[in-house]
Amino acid sequence: MNSLRPPASTTSALSRRALLRGLGGAAALAAFPAPLCLAAEEATGRARRGAAPLKITKVRAILTAPQNRIRLVVVKVETSEPGLYGLGCATFNQRPLVVKTAIEEYLDPFCRGRDADNIEDIWQTAYTSSYWRNGPVLNNALSGLDQALWDIKGKRAGMPVYQLLGGKARFAVDTYTHASGSEIAQVVDNVQRFIGEGYRHVRIQLGGYGSPQLTGPGDFAAAGFGLPSDTRMDPGPYCRAIPKLFAAVREKCGDAVQLLHDIHERVPPMDAVRLCKDVEPYRPYFMEDPFSPEDIGWFRILRPQTSVPLAMGELFNSPHEWTGLITERLIDFIRVHISQIGGLTPARKLAALAEAFNVRSAWHGPGDVSPVGHAANAHLDLAISNFGIQEAVRFNDATREVFPGAPTMKNGYLHIHEAPGWGVDLNEELARKFPLPEHPGYWQPVRRNDGTNVKP
Ligand code: MG
């Protein structure tokens, strides 16, 4: 009981006076005569009364692998209203069990009893609840919680989440898809096939990242260094092959298709600088991840040397990494992994920051994001003005059954399921039929010829 709290009628009068002071006293009185002020206060009160308080009763992780044995982690937030729950993506394919621990051993007890409506407060307090922060595991867990709260918010409002963000800025989400092949001719064929399917943007890769098939087994393997499953990647053959790949695709597929390429941070920084300059005549839509996050200082060296658009950020975890790149106009596309940075709450702020510097979005949308996470990407894509492009995703039948309402592709556009919240549900009984594979899911080592480890 707060003995200092005035009676309700006094509170109403005080808050009206405070409002009028804020609006400029007498001038505001003229603009808002007392009956109107009272009407506004009553309306506000009614709006607040319209939604009963909603408490979080449980936060748990659901692990499932219906899509190519990828280890998906989904957070389910249950509430005091029976049947009202939210879903969020917390997938970290290489460390799913530690994310599950962070969710169930730490976020669940932290969240129980809290007001599910107060997303910003829950995000800020959960973010600092570990004191040390900005790491991938805790950010993934936080993302699952955050996205689940936005799902609940949408369901309570009876609106898709993009409506809560201001509504649609475009009718659907334009995407790029991946064309690869061990030979240049194969890549050309695949690009032509995707153009035939309606895609306007295609990422071209020669084999795996860094074209490891262009090199033989490393000397490290003959020397018994590392394990036989470790792969070799050398910058020379890769950097010489990629401009030839761009030239061939442009010659065979024409100028209309937008071409993208992912360097995947696999070459020394100056090799990446040279490669960006070498492909400039073929007008890439963007060159992705020329440097590792540890090397982002190199963007100041790269930027003045080429007009090739640059995309960066799928490994980023925190504002420390992206703020300077955006405010110094060193990149053209920010492509963070939304669950890696902590969910929709930080992502919408990042989008607004980027808009002020005319940096566009290209949120990371790989296979190791759940359909809930892809829906979150798409809802944000629909609502922001500085949307650039989205990575296409195609779910198999099993994933569609486990996640009813998963987004769908049509003519190269990603479409969400129009329903309150994210529009995606989870069939838990079916999800249990796709347990995680026994292999823990490490990223396999990539090495230079002498065995030196390469950032992946
Ligand atoms: Mg990438």
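Two residues are in contact if their C-beta atoms, placed from the backbone, lie within 7 Å. By that rule Val75 touches Val59, Ala61, Leu87, Gly88, Ala90, Ile103, Gly144, Leu145 and Ala148, leaving out residues up to four places away in sequence. The structure is a predicted model, in which local features need pLDDT of at least 70 and side-chain atom pairs count only at pLDDT 80 or more, while totals for chains, interfaces and linings use all residues. Residues are numbered from 1 along each chain as its sequence is written.

**Overall make-up**

- The protein has 17 helices and 15 strands; these are DSSP runs numbered from the N terminus, with helices (H or I) of at least four residues and strands (E) of at least two.
- Of the 456 residues in the protein, 42% are buried. A residue counts as buried with 20 or more other C-beta atoms within 10 Å of its own, as exposed with 12 or fewer, and as partly exposed in between, the C-beta atoms being placed from the backbone.
- Among contacts between residues at least 6 apart in sequence, 72% join residues at least 24 apart.

**The largest nonpolar core**

- A nonpolar core is a set of buried Ala, Val, Leu, Ile, Met, Phe, Trp, Tyr and Cys residues joined through C-beta atoms within 7 Å.
- The largest one holds 112 residues, and Val74, Val75 and Leu145 touch the most other members.
- Helix H6 (residues 136–157) gives the largest share of this core, eight residues.
- The core lies between domain 1 (56–160) and domain 2 (163–426), because both give residues to it. The domain bounds come from an automatic or database domain assignment.
- In soluble globular proteins, nonpolar side chains tend to be buried together.

**Helix pairs**

- Two packed helices are described by the angle between their axes and the distance between the axes. Axes here are lines fitted to C-alpha atoms, for helices over the stretch in contact, and angles run from 0 to 180 degrees between N-to-C directions.
- Angles under 35 degrees count as roughly parallel, over 145 as roughly antiparallel, 65 to 115 as roughly perpendicular and the rest as oblique.
- The axes of helix H5 (residues 119–127) and H6 come within 10 Å and cross at roughly 170 degrees, so the two helices are roughly antiparallel.
- On the H5 side of this pair are Ile119, Ile122, Trp123, Ala126 and Tyr127, which meet Leu142, Leu145, Asp146, Leu149, Trp150 and Lys153 in H6.
- For helix H10 (residues 235–253) and helix H11 (residues 269–279), the axes come within 9 Å and cross at roughly 15 degrees, which means that H10 is roughly parallel to H11.
- Pro235, Cys239, Ile242, Pro243 and Phe246 of H10 make the contact with Asp271, Arg274, Leu275, Asp278 and Val279 of H11.

**Residues in loops**

- Gln213 sits in the loop between strand S5 (201–204) and helix H9 (219–222). Gln213 is partly exposed, with 16 other C-beta atoms within 10 Å.
- Neighbours within four places in sequence aside, Gln213 is in contact with Ser182 and Gly207. The C-alpha atoms of Gln213 and Tyr238 are 9.3 Å apart, and the two residues are separated by 25 residues along the chain.
- Arg283, in the loop between H11 and strand S8 (286–288), is not a glycine but has a positive phi, near 50 degrees. Arg283 is partly exposed, with 14 other C-beta atoms within 10 Å.
- Asp289, in the loop between S8 and helix H12 (299–302), has a positive phi of about 45 degrees although it is not a glycine. Asp289 is buried, with 21 other C-beta atoms within 10 Å.
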